[in-house]
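Me: Please go through the structure shown here with me, taking one question at a time.

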Amino acid sequence: MPIWIGPCEADAITIELQEMPPQRPLTHDLLKSMIRELGGKVVHILIRDLRNDVYYARIVIDVAGRQ
């Protein structure tokens, strides 16, 4: 399944690959920090729908044995 990315997503990937700290936390960085602080681990991501070029997904997280 192809995944389309826009300029903002491309910039976020470039920043990560070049190990450059962003000027401010990006949305995915905040979510990653929140999962880490909860002691969680991403089990899997299920893409449920694609509407108007937007992916809708469910992120399944394990925290202390509970999903």
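The questions below concern a predicted model.

Me: Is Arg 51 buried, exposed or partly exposed?

Reply: Buried means under 20% relative accessible area and exposed means over 50%. The relative accessible area of Arg 51 is 43%.

Me: In what sense do E1 and E2 pair, and over how many bridges?

Reply: Strand E1 covers residues 40–51, and strand E2 covers residues 54–63. The two form a hairpin with 2 residues between them, and Lys 41 stands opposite Asp 62 in E2. The pairing is antiparallel, over 10 bridges.

Me: Which residue in the turn has a positive phi?

Reply: The turn belongs to the hairpin formed by E1 and E2. The phi value there is about 50°, and the residue is Asn 52.

Me: Which helix and which strand each supply at least two residues of the nonpolar patch?

Reply: The patch is made by Leu 31, Met 34, Leu 38, Val 42, Ile 45 and Ile 59, and has an area of about 530 Å². Met 34 is found in helix H2 and is partly exposed, at 46% relative accessible area. The two elements that each supply at least two residues are helix H2 (27–37) and strand E1 (40–51).

Key
Residues numbered from 1 in each chain as written. Predicted model: local features only at pLDDT ≥ 70, side-chain atom pairs only at ≥ 80, totals over all residues. Heavy atoms only, no water. Buried < 20%, exposed > 50% of the residue type's maximum accessible area, 1.4 Å probe, protein only. Patch = residues over 30% accessible without salt bridge, like charges linked within 9 Å, V, L, I, M, F, W, Y side chains within 5 Å. Areas by Shrake-Rupley, 256 points an atom, 1.4 Å probe, with all protein chains shown as cover. Salt bridge = Lys/Arg side-chain N within 4 Å of Asp/Glu carboxyl O. Helix = DSSP H or I, 4+ residues; strand = E, 2+ residues; numbered from the N terminus. Pairing = 2+ DSSP bridges.
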